[in-house]
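Subject: The structure I promised you

Hi,

My notes on what turned up follow just below.

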Amino acid sequence: MEPALIWKSLGIKKPEKALQPLAPYAEYLLLERGYSPRGVRRYLQDLALWFRFLQEEDFTPGPEAVRALLLKERWAPRRVQGFLAALRSYYRYLAQVKGEAVSDPTEGIGRPKAGRRLPLHPAPEELKRFLEALEAEKEARLLSRLARFLYGTGLRISEALSLKGRNVILEGSVPVAIRVVGKGNKERLVPLSRTAREVLLELGPPQGNVSIFTFTQGRHRGRVPSARYVEARFREAALRAGLDPRRFTPHKLRHAYATLLVEVGVELDAVKDLLGHESIATTQIYLHASRERLKEAAQRLPDL
């Protein structure tokens, strides 16, 4: 893939000088590892910071340089974890994929414990207020259906926007599940809750290679919206409804899906499978839970 296409797919209009040599690595993360554009951008930003630090402070890559940078930045534990993960991934790529004789500069660096934050997921009654506020948006039908679908499936926004008709599994003419390709190009089967099934029925019969969620009007009609567009519109709707916009992002709808399933008694391993947190190979879709148990789990999600 041409570097210009890589930067365009990442939403980077003009990459800074430190990023330009990383185009092949970005392509590897996108196409072979299945990372989201946002995840790739985050890794690249950390690597650009790392390379600038090495040049400015005249360090060679290694644990000493990592410790010096962390001492200088004094980040919170969670930020340190993300930075170390970016370095580990890049140097593993150089060694294992490119075959270069490099060592991991994070070797021996302690990983700080960040502590778990409780997700600020919205409650069902707040979600209804949020959906009402979405009705004021120009693309109300698209956004409302997408919000309900995210709540009803627990999909990542990138996963939902990449869905096409061929991903929908029908029993007769009724959609019952979707095949999703998530992080690391791992495929999983997600049985549909009643809410998610209703959304697909509203959209009409799925058509092969046609995207499921597209603009419904204007010059962009038929095109798939970007994740940034959806996030911005969700934020506007939440503010209009007097709600905290941090609690109404696409990812928080995913949290709501998972939390509500747990609250109604669904086993954690089934929820993990539905969210794609476990490794599920293309030829072995069910790794830790049977098809019937996953289907039952999805059916127990409260209607919206």
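**What I found**

The protein has 13 helices and three strands. Keep in mind that this is a predicted model. Of its 304 residues, 44% are buried. If you take the contacts between residues at least 6 apart in sequence, 61% of them join residues at least 24 apart. The accessible surface is about 16400 Å², and carbon and sulfur atoms account for 50% of that.

A bit of background: nonpolar side chains in soluble globular proteins tend to be buried together. Here the largest nonpolar core has 42 residues, and the ones with the most contacts inside it are Phe-130, Phe-149, Leu-155, Ile-178 and Phe-234. Which elements supply at least two residues each to this core? They are helices H6 (124-134), H7, H8 (157-161), H9 (194-203), H10 (227-240) and H11 (250-263), together with strand S2 (174-181). H7 gives the most, with seven residues. Another core lies apart from this one; it has 36 residues, including Trp-7, Ala-26, Phe-53 and Ala-85.

Leaving out residues up to four places away in sequence, its contacts include Phe-149, Ile-178, Val-180, Arg-188 and Arg-254.

While you are at H7 (residues 140-153), find Ser-144, which sits in that helix. Is Ser-144 buried or exposed? Its relative accessibility is 9%, so Ser-144 counts as buried. Beyond residues up to four places away in sequence, Ser-144 touches Leu-131, Leu-134 and Glu-135.

**The strands**

S2 and S3 run antiparallel and are joined by five bridges. Across this pairing, Val-180 stands opposite Arg-188 in S3. The hairpin they make has five residues between the strands, and in it Gly-184 takes a positive phi near 70°.

In a regular strand, side chains alternate between the two faces of the sheet. Now check S3 (residues 187-191): five of its five residues are buried. Both faces are covered, with Glu-187, Leu-189 and Pro-191 on one side and Arg-188 and Val-190 on the other.

**The aromatic rings**

To describe a pair of aromatic rings, you give the distance of the centres and the angle of the planes. The count for this model comes to 15 aromatic pairs. One of them is Trp-75 with Phe-83, a tilted pair at 5.2 Å centre to centre with 55° between the planes. Phe-83 has a relative accessibility of 0%, so Phe-83 counts as buried. Another pair is Phe-215 with Tyr-229: the centres are 5.0 Å apart and the planes are at 75°, so this pair is edge-to-face. Why does that pair tie together separate parts of the sequence? Because Phe-215 lies in the loop between H9 and H10 while Tyr-229 is in helix H10, the pair links parts that are 14 residues apart in sequence. Phe-215 is buried as well, with a relative accessible area of 11%.

Two more things to find on screen.

Notes: Residues numbered from 1 in each chain as written. Predicted model: local features only at pLDDT ≥ 70, side-chain atom pairs only at ≥ 80, totals over all residues. Heavy atoms only, no water. Helix = DSSP H or I, 4+ residues; strand = E, 2+ residues; numbered from the N terminus. Buried < 20%, exposed > 50% of the residue type's maximum accessible area, 1.4 Å probe, protein only. Contact = heavy atoms within 4.5 Å. Core = buried A, V, L, I, M, F, W, Y, C linked by side-chain atoms within 4.5 Å. Phe/Tyr/Trp six-rings, centres within 6.5 Å; stacked < 30°, edge-to-face > 60°. Pairing = 2+ DSSP bridges. Areas by Shrake-Rupley, 256 points an atom, 1.4 Å probe, with all protein chains shown as cover.
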